[in-house]
Amino acid sequence: IILIENCTDSDYNSKIDTKRRNDVLQGLNEVSGQMLPRVYSLLSTQYSQLAASKSMIGQMEAFLRQEARPPTPEEQQQYNKVIQTRDSAAKQMEPALTFLSTVCAFMPVEWMFVQNADYDF
């Protein structure tokens with residue numbers, strides 16, 4: 001992320017050789033077709049896990065409320081596993097979303113409109 005910000009920051013640009021900055025930007029443009037689909041795939045997978053975990057937690061809590069009882073040790077262990085899955089998915093999504101936010105703020109719009117891309121976002 002710092003690399004993307006630095007290549008587009010005017011203060012940084014005045015401190016780095018223009019040829020080097022252009023080389024870095026060209027490199028980022030060349031790998032953008034590989035980076036963005038991988039980040040999108042990670043987000044898609046982790047979001048599915050996050051959504052499924054949140055749904056499962058809601059179902060577990062609703063069941064225990066309906067039964068008006070505390071969870072058994074086995075149920076508590078299963079509940080804790082689902083909480084861990086939810087938290088892990090959220091932790092993995094956060095840096096990916098930060099990365100995409102930076103890319104959207106600083107990189108060329110053309111990246112999103114590639115005609116022969118293997119991704120749709």
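These are my notebook entries on a predicted model of one protein chain.

**Entry 1: ground rules**

I number residues from 1 along each chain as its sequence is written, and my side-chain values use heavy atoms, with hydrogens and water left out.

**Entry 2: confidence**

I looked up pLDDT, the predictor's confidence in each residue on a scale from 0 to 100. The mean for the protein chain is 82, and 75% of the residues reach 70 or more. I then went through the elements, where helices (H or I, at least four residues) and strands (E, at least two) are DSSP runs numbered from the N terminus. Helix α1, residues 2–8, has the lowest mean pLDDT among them, at 56. Helix α4, residues 73–106, has the highest, at 90. I note for myself that where pLDDT is low, the predicted coordinates should not be read in detail.

**Entry 3: overall make-up**

I counted 4 helices and 0 strands in the protein chain. Along the sequence the pattern reads α-α-α-α. Contact here means heavy atoms within 4.5 Å. Among contacts between residues at least 6 apart in sequence, 72% join residues at least 24 apart.

For burial I used relative accessible area: buried is under 20%, exposed is over 50%, and partly exposed is in between (1.4 Å probe, protein chains only). Of the 121 residues, 23% count as buried. The accessible surface of the chain comes to about 8600 Å², with areas from the Shrake-Rupley method and a 1.4 Å probe, and for residues only the protein chains shown count as cover. Carbon and sulfur atoms hold 53% of that surface.

**Entry 4: nonpolar core**

I searched for nonpolar cores, that is, sets of buried Ala, Val, Leu, Ile, Met, Phe, Trp, Tyr and Cys residues joined through side-chain atoms within 4.5 Å. The largest has 9 residues: L36, V39, L43, L50, A89, M93, A96, F99 and V103. The elements giving two or more residues to this core are α3 (18–67) and α4. Helix α4 supplies the largest share, 5 residues. For background, nonpolar side chains in soluble globular proteins tend to be buried together.

I listed the contacts of M93, leaving out residues up to four places away in sequence: M93 touches L43, Q46, Y47 and L50.

Q46 is in helix α3 and counts as buried, at 7% relative accessibility. With the sequence neighbours up to four places away left out, Q46 touches S88, A89, Q92 and M93.

S53 is also placed in helix α3. It is buried because its relative accessibility is 5%. With that exclusion of residues up to four places away, S53 touches V82, T85 and R86.

K81 lies in helix α4 and is exposed, with a relative accessible area of 56%.

Q78 is found in helix α4 and is partly exposed, at 45%. The C-alpha atoms of Q78 and I57 are separated by 9.9 Å, the two being 21 residues apart along the chain.

**Entry 5: salt bridges**

I searched the whole structure for salt bridges (a side-chain nitrogen of Lys or Arg within 4 Å of a carboxyl oxygen of Asp or Glu) and found 2. R69 pairs with E75, with the closest N and O atoms 2.8 Å apart. R69 is partly exposed at 28%, and E75 is partly exposed at 23%.

R86 and D87 form a salt bridge through their side chains, at 2.9 Å from N to O. R86 is partly exposed at 26%, and so is D87 at 32%. In general, side chains of opposite charge can pair when their charged atoms come close.

**Entry 6: backbone at A68**

I flagged A68, which has a positive phi of about 55 degrees although it is not a glycine. Most residues other than glycine have a negative phi. A68 lies in the loop between α3 and α4 and counts as exposed, at 68% relative accessibility.

Note on methods
Predicted model: local features only at pLDDT ≥ 70, side-chain atom pairs only at ≥ 80, totals over all residues.
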